[in-house]
Amino acid sequence: MSGTRRKGPPGNGNSSGGRRRTGVCSFCGKSERDVGPIIEGPDGIYICAGCVDLCSTIIKQERRKVSRHAGSVREVPTPRKIREHLDSYVVGQDQAKMCLSVAVYNHYKRLNYLAERQDDDDVEIEKSNVLLIGPTGCGKTLLARSLATFLRVPFAISDATTLTEAGYVGEDVENVLLRLLQAAEYDIEAAERGIIYIDEIDKIGKTNQNVSITRDVSGEGVQQSLLKLLEGTIANIPPQGGRKHPEQQYIQMDTTQILFIVGGTFNGIENTIKKRLGRSMIGFASEQQQGKTDANTNARRSVLKDVTPDDLVHFGMIPEFVGRLPVIAALEPLDEEAMIKILTEPRNAVVRQYQKYFEIENAELIFTEDALREIARKAMKRETGARALRSVIEEIMLKYLYDLPEQPAEGAYQVDVEVVEGRRPLFDNKPVKKKETA
């Protein structure tokens, strides 16, 4: 590497590879001793491997902006098309899907209108954030995620239970925006048109019965901190997350155009609704005959659709917070028939996923109707909604997936009630050929 320097990329038989031991990177100012090989370009310009990687990343991000975000919100699908997309991922919940479809359509049509408006208008259209109420595992998070995927906009999920009032141990509310910015690959303009889903929002309700003299820093304090974000403000985001400190530099983001969707189970709110409606708190004889689980399911289904902002305030949400969530959609608890549909109908249905595993191994997996019903019943006993379905099937199928690669190819295997209950192994006899199972 005596005096020969190659300008441009290394190679073509030059042993120096375009590198210079004593060079200093013209971009970061670090020497070859600090960063490794350095490439010399025209006019004595040098660049290190780290800066090459950084430039490559920037170029990729700019290309993604053009291909993914440019025009992605300009062509807003109609509420009917949004609903049809949600139908392919979430079973039931017709009223919630309709509310979400209309709210999302109006939100992005509003953004387009504001961007194209040339003169002042006498009508000011405000954004409509959405509150989803429903039991665990009924599809709240999946609805929000499916919306963002369909619209091709940045999407972030946060858990309200991790948030605390500024100055206390935990996460500041601005970290919610940081996750959205990271999902947009630090494209601020794209992030400002994204969707944020905040789960477990009911866990930050006011603790009225708390007689402690300490502050409710993870309850009402968080609601107060979220008010400006929901309504629209210029927020200062710490680039690395964590707590703010005076010497830190911030990224500013306008939350005015961000759609916030919040969800929670609000356990016990049905009692407040029943009391307001004047219904009995004890339940009917028919419900008692169907069992405790069915009674609770029917009770929540019948009253959640009647929830009002006053019920939410009585539950522990402050009026100012509820006022910034004008669209309220109640999701119904899942019954046995809905659980069976969830097993088979959506594009990401658990049964279809396991059938794909067998298909990859040149085998076929068949579930009988009785087996699906038994799996649904086992999942309902766990009282965690659709999340329990994968757990139940995983417990049944794990040992068979372990043995599957060693089974005869081109086989068809049937999961019936006996297999679900563990009374018969799935690979108990020679499989039937696919062509014979028509």
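I take a helix to be a DSSP run of H or I of at least four residues, numbered from the N terminus. The model I examined is predicted.

**Entry 1: the end of α5.** I looked up what follows α5, and found that R152, just after the helix, takes a positive phi of about 60°. Helix α5 itself covers residues 140–151.

**Entry 2: length of α5.** I compared the span with expectation. At 1.5 Å a residue, the twelve residues should span 16 Å, and the end C-alpha atoms are 17 Å apart, which agrees.

**Entry 3: burial in α5.** I listed the buried residues of the helix as K140, T141, L143, A144, S146, L147, A148 and L151. I recall that an α-helix has 3.6 residues a turn, so residues three or four places apart point the same way. I then traced the packing of the buried residues of α5: their partners are the helices α3 (79–87) and α4 (94–116), together with the strands β3 (130–133), β4 (155–159), β5 (195–199) and β8 (259–264).

**Entry 4: K140.** I asked which side chain of opposite charge is nearest to the buried K140. I found D199, 5.3 Å away. A salt bridge requires the nitrogen and the carboxyl oxygen to be within 4 Å, and K140 has none. Beyond its neighbours within four places in sequence, I noted contacts of K140 with residues including L132, I133, Y197, D199, G263 and L331.

**Entry 5: the whole chain.** I recorded 18 helices and twelve strands. Of the 438 residues, 42% are buried. The chain exposes about 23,900 Å², with carbon and sulfur atoms supplying 49% of that area.

Definitions and conventions. Residues are numbered from 1 along each chain as its sequence is written. This is a predicted model: local features need pLDDT of at least 70, side-chain atom pairs count only at pLDDT 80 or more; totals for chains, interfaces and linings use all residues. Side-chain values use heavy atoms; hydrogens and water are left out. Helices (H or I, at least four residues) and strands (E, at least two) are DSSP runs, numbered from the N terminus. Buried means under 20% relative accessible area, exposed over 50%, partly exposed in between (1.4 Å probe, protein chains only). Accessible areas come from the Shrake-Rupley method with a 1.4 Å probe; for residues, only the protein chains shown count as cover. Lys and Arg count as positive and Asp and Glu as negative; His and the chain ends are not counted. Contact means heavy atoms within 4.5 Å. The expected span of a helix is 1.5 Å times one less than its number of residues.
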